[in-house]
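Good morning, everyone, and please have the sequence and the model open while I talk.

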Amino acid sequence: MTGQKIFERYTLGKILGRGGMGVVWQARDEVLRQDVAIKMLPEMVASDEAAIRDMQRETARSQKLSHSNILRIYDFAMGQNVCGITMELVTGGTLTQRRMKQPNEVFDPKDLSVWLKQLCEALDHAHRKAKVVHRDLKPANLMIDEDGDLKVADFGIAASVSDSVSRVSQQAGTSGTPLYMSPQQMMGEDPSITDDVYAVGATLFELLTGKPPFFT
C-alpha cells in the first residue's frame, strides 16, 4: 500500500511494474534519504527457506556487477513472510515502453546504435569479469535512465525467482522468458553466454520489427 513502511526502512510510493515474478515499487529509503526501486517477491518464495537462500546468493552475485550500464543492486530485505530486492531507481522507462511510442511502434536502426553498444559492453563485463549470465534478456529488462543511457536490469534475479517459483509450486518450467530464449535454454541446459547472445538477437529483432522472431 502506498505510504506503508516496510522492512523498518522503506516507505512505499507507487507501483512501477507488476508481473508473475513480483511487483516493483518506487520507495523512499528513510535511512539514506534516497529513492529506490524494490522488487517484492512472490509470497511462495518469501515463505520458502531454500528459495530465500537462493535469492540471497543471487543478490550477492548481482552486487558484484559494477558497471555503468548495469542496474545497481543494493540489498536483499526480509520481513514476516515477505522479502524484496532493493535496487537503483531508473525512471526513463524500458525499451518496450519506448518502442510503443515510436512511429509504427518500431525503432529505426540508427536510434539503437548507442544503446546496443552499451548493452554489449555491459554483457562483456558480466560474462568475462563477473562470470554471470543474465538468462532473461528482453526489451522489458533494458531500461533508460534520465541521462538517456541504457541500464540492464534483473541480472540473474528474474531467472532465479522463476526457478524458485517452479520448485516451490512443483510445476515444471525453465528460467527466462520463452520468446527470447535460445533452444538450449528452452531444453533446460546449463546457463551459457550463448543464451544471452541469442536473447540480444531476439530483442533487436523485436525492437526493429515489432515482434520477436518466435512469431516469424
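Let me begin with the second largest cavity, to whose lining helix 7 gives the most, with three residues; helices here are DSSP runs of H or I with at least four residues, numbered from the N terminus. A word on the source: this is a predicted model, in which local features need pLDDT of at least 70 and side-chain atom pairs count only at pLDDT 80 or more, while totals for chains, interfaces and linings use all residues. Residues are numbered from 1 along each chain as its sequence is written, and side-chain values use heavy atoms, with hydrogens and water left out.

By a cavity I mean a set of points, on a 1 Å grid over the protein atoms alone, where a 1.4 Å probe fits but cannot get out, and lining residues have an atom within 4 Å of a point. The volume is the space filled by probe spheres set on the points, which are joined across faces, edges and corners.

The second largest cavity holds about 40 Å³ of space, and among the residues lining it are Arg135, Asp136, Tyr180 and Asp195. Its lining divides into four nonpolar, two polar and four charged residues, where Ala, Val, Leu, Ile, Met, Phe, Trp, Tyr, Cys and Pro count as nonpolar, Asp, Glu, Lys and Arg as charged, and the others, Gly among them, as polar.

What is the volume of the largest cavity? It is about 60 Å³, and its lining has nine nonpolar residues, one polar and no charged, including Trp115 and Thr203. Helix 4 (109-130) and helix 7 (193-209) each supply at least two residues of that lining, and helix 4 gives the most, with four.

Conventions:
On a 1 Å grid over the protein atoms alone, a cavity is a set of points where a 1.4 Å probe fits but cannot get out, and a pocket is an open set with protein on both sides within 12 Å along at least five of seven lines; lining residues have an atom within 4 Å of a point.
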